[in-house]
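Thanks for coming, everyone. Please have a look at the sequence and the model on the screen before I start.

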Amino acid sequence: MAEKTFKAEFDGYWREPNIEGIPNESGVYCVYECTYKKDTRTVSLHKLIYIGEAGEVRDRIKNHEQWDDWKKHVREGNQLCFTFGYVESEYRNRVEAALIFKHKPPENSEYKYSFPFDKTTIILSGTTALLSTHFTVERTD
């Protein structure tokens, strides 16, 4: 594998009751704690909880085994929110690993302290609150 740059445009935010709107495509996703502001129909993000990847993101989120763990980070009156970034299947794991290594979400364990890929630059656009939008990580092992 060689040095590579990846671009991903994130879309969202889908609140927990609206996860059917999340694309069921290949990509990476972020799980946040948020407050929904009904009067403006917007959300305020408070905490990045988890980063994942899947071939069918909506189905993966709906059936994820860590829902209970995610919920432990949600304070009363708040809820889970999700974003989605399309990434080609063959690169999903590498992009996910770079995002986890950079941001260290509390519910991720793999890739938090090691990055097993060649030098990787990530450029994000779209709904990227609480995420670094341009960064580079290098192999740690």
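I will go through the strands, then the aromatic rings, then the charged side chains.

First, the ground rules. This is a predicted model, where local features need pLDDT of at least 70, side-chain atom pairs count only at pLDDT 80 or more, and totals for chains, interfaces and linings use all residues. Residues are numbered from 1 along each chain as its sequence is written, and side-chain values use heavy atoms, with hydrogens and water left out.

Strands. Helices (H or I, at least four residues) and strands (E, at least two) are DSSP runs, numbered from the N terminus. Two strands pair if DSSP finds at least two bridges between them.

Take β5, residues 120–126. Strand β5 pairs with β6 in the antiparallel sense, over four bridges. Within that pairing, T121 stands opposite T136, and I123 stands opposite H134. Strand β5 also pairs with β1, and these two run parallel, joined by seven bridges. There, K7 stands opposite I123.

Now the faces of β6, residues 134–137. Which residues are on the covered face? F135 and V137 are. H134 and T136 make up the uncovered one. In a regular strand, side chains alternate between the two faces of the sheet.

One more contact at this end. A2 lies in the segment before β1. A2 and T120 are 118 residues apart in sequence, yet 8.7 Å apart in space, C-alpha to C-alpha. A2 is exposed, at 52% relative accessible area. For the cut-offs, buried is under 20%, exposed is over 50%, and partly exposed is in between, with a 1.4 Å probe and protein chains only.

Next, aromatics. Rings of Phe, Tyr and Trp (its six-membered ring) pair if their centres lie within 6.5 Å; planes under 30 degrees apart count as stacked, over 60 as edge-to-face and the rest as tilted. By this rule there are 10 aromatic pairs. One of them is Y50 with W70, a tilted pair at 5.4 Å centre to centre and 45 degrees between the planes. What does this pair tie together? Y50 lies in strand β3 (residues 42–54) and W70 in helix α2 (residues 67–71), so the pair links parts 20 residues apart in sequence. Y50 is buried at 9%. W70 is buried at 0%.

Y111 and F117 form another tilted pair, at 6.4 Å centre to centre and 45 degrees between the planes. Y111 is buried at 9%, and F117 is buried at 11%. Back to Y50 and W70: they belong to one aromatic cluster with Y29, W67 and F82.

Last, charges. A charge sits over a ring if NZ of Lys or CZ of Arg is within 6 Å of the ring centre and within 35 degrees of the ring normal. K104 does this over F101, at 4.3 Å from the ring centre. R15, in strand β1 (residues 4–15), lies over the face of Y36, at 3.6 Å.

R15 is buried, but has no salt bridge. That term means a side-chain nitrogen of Lys or Arg within 4 Å of a carboxyl oxygen of Asp or Glu. Lys and Arg count as positive, Asp and Glu as negative; His and the chain ends are not counted. For R15, the nearest side chain of opposite charge is E16, 8.8 Å away.
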